[in-house]
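We will go from stop to stop, picking a few residues each time.

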Amino acid sequence: MSGLTQSIQEVLKALTKVRCFDRVLEKVTLVSCVPGKVVCQMKVDEEHTNKMGTLHGGLTATLVDNISTLALLSTERGAPGVSVDMNITYMSPAKIGEDILITAHVLKQGKTLAFASVDLTNKATGKLIAQGRHTKHLGN
């Protein structure tokens with residue numbers, strides 16, 4: 001395991017140990033990590049779903065937020081930033097028992113802003129579940 005992968009794995013593990021909202025990530029596992037790109041996976045369980053038995057949109061937004069932040073942390077700058085804007089397009093449902101892949105790419109990192117894209121796909125079929133864009137302020 002590379003030093004970068006180990007560092008990102010430790011951040012993900014730390015997020016699940018806190019008593020705040022980020023603990024919803026406890027079932028997310030790191031698949032791979034290279035500078036500016038992080039791939040994670042998660043099996044959709046009942047606790048992740050809405051009344052229709054599919055992945056809850058709020059959890060999808062949380063995955064976009066957190067996994068894109070991990071991608072930013074994997075860059076040379078390593079700054080998590082704070083959210084300025086985030087949008088998600090929901091395209092197909094993910095049902096209980098399905099494995100999903102969450103792939104985050106840093107599109108651009110400037111002096112004060114960073115832009116990331118996140119795809120949630122069905123691991124078995126490759127079908128796109130949702131796609132998110134996340135803009136973060138990195139400071140001065």
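A salt bridge here is a side-chain nitrogen of Lys or Arg within 4 Å of a carboxyl oxygen of Asp or Glu. With that cut-off, this predicted model holds 3 salt bridges.

**Stop one: K27 and its partners**

Please select D45 and K27 to begin. Their side chains meet in a salt bridge, with 3.1 Å from N to O. D45 sits in the loop between β2 and α2 while K27 sits in the loop between α1 and β1, so this pair ties together parts that are 18 residues apart in sequence.

Taken together, K27, D45 and E47 are linked in a network of salt bridges.

D45, at 21%, is partly exposed, and K27 counts as partly exposed at 34%.

**Stop two: K43 and D99**

Next, select K43 and D99. They form a salt bridge whose closest N and O atoms are 3.6 Å apart. K43 is partly exposed, with a relative accessible area of 39%, and D99 counts as partly exposed at 28%.

**Stop three: the hairpin**

Stay with β2 and select residues 37-43 together with β1, residues 29-34. The two strands pair in the antiparallel sense over 5 bridges. Pick C33 and look across to V38, its bridge partner in β2. Then move to the turn: 2 residues lie between the strands of this hairpin, and G36 there has a positive phi of about 85°.

**Stop four: two helices crossing**

Finally, select α1 (residues 3-17) and α2 (residues 57-73). Their axes come within 10 Å and cross at roughly 145°, and the crossing is right-handed. Which residues make the contact? Show I8, V11, L12 and L15 on α1, then N66, L70 and L73 on α2. The contact residues divide into 6 nonpolar, 1 polar and no charged.

Terms used: Residues numbered from 1 in each chain as written. Predicted model: local features only at pLDDT ≥ 70, side-chain atom pairs only at ≥ 80, totals over all residues. Heavy atoms only, no water. Axes fitted to C-alpha atoms, helices over the stretch in contact; angles between N-to-C directions. Helix = DSSP H or I, 4+ residues; strand = E, 2+ residues; numbered from the N terminus. Left-handed = near helix turned anticlockwise from the far one by under 90°. Contact = heavy atoms within 4.5 Å. Nonpolar A, V, L, I, M, F, W, Y, C, P; charged D, E, K, R; others polar. Pairing = 2+ DSSP bridges. Buried < 20%, exposed > 50% of the residue type's maximum accessible area, 1.4 Å probe, protein only.
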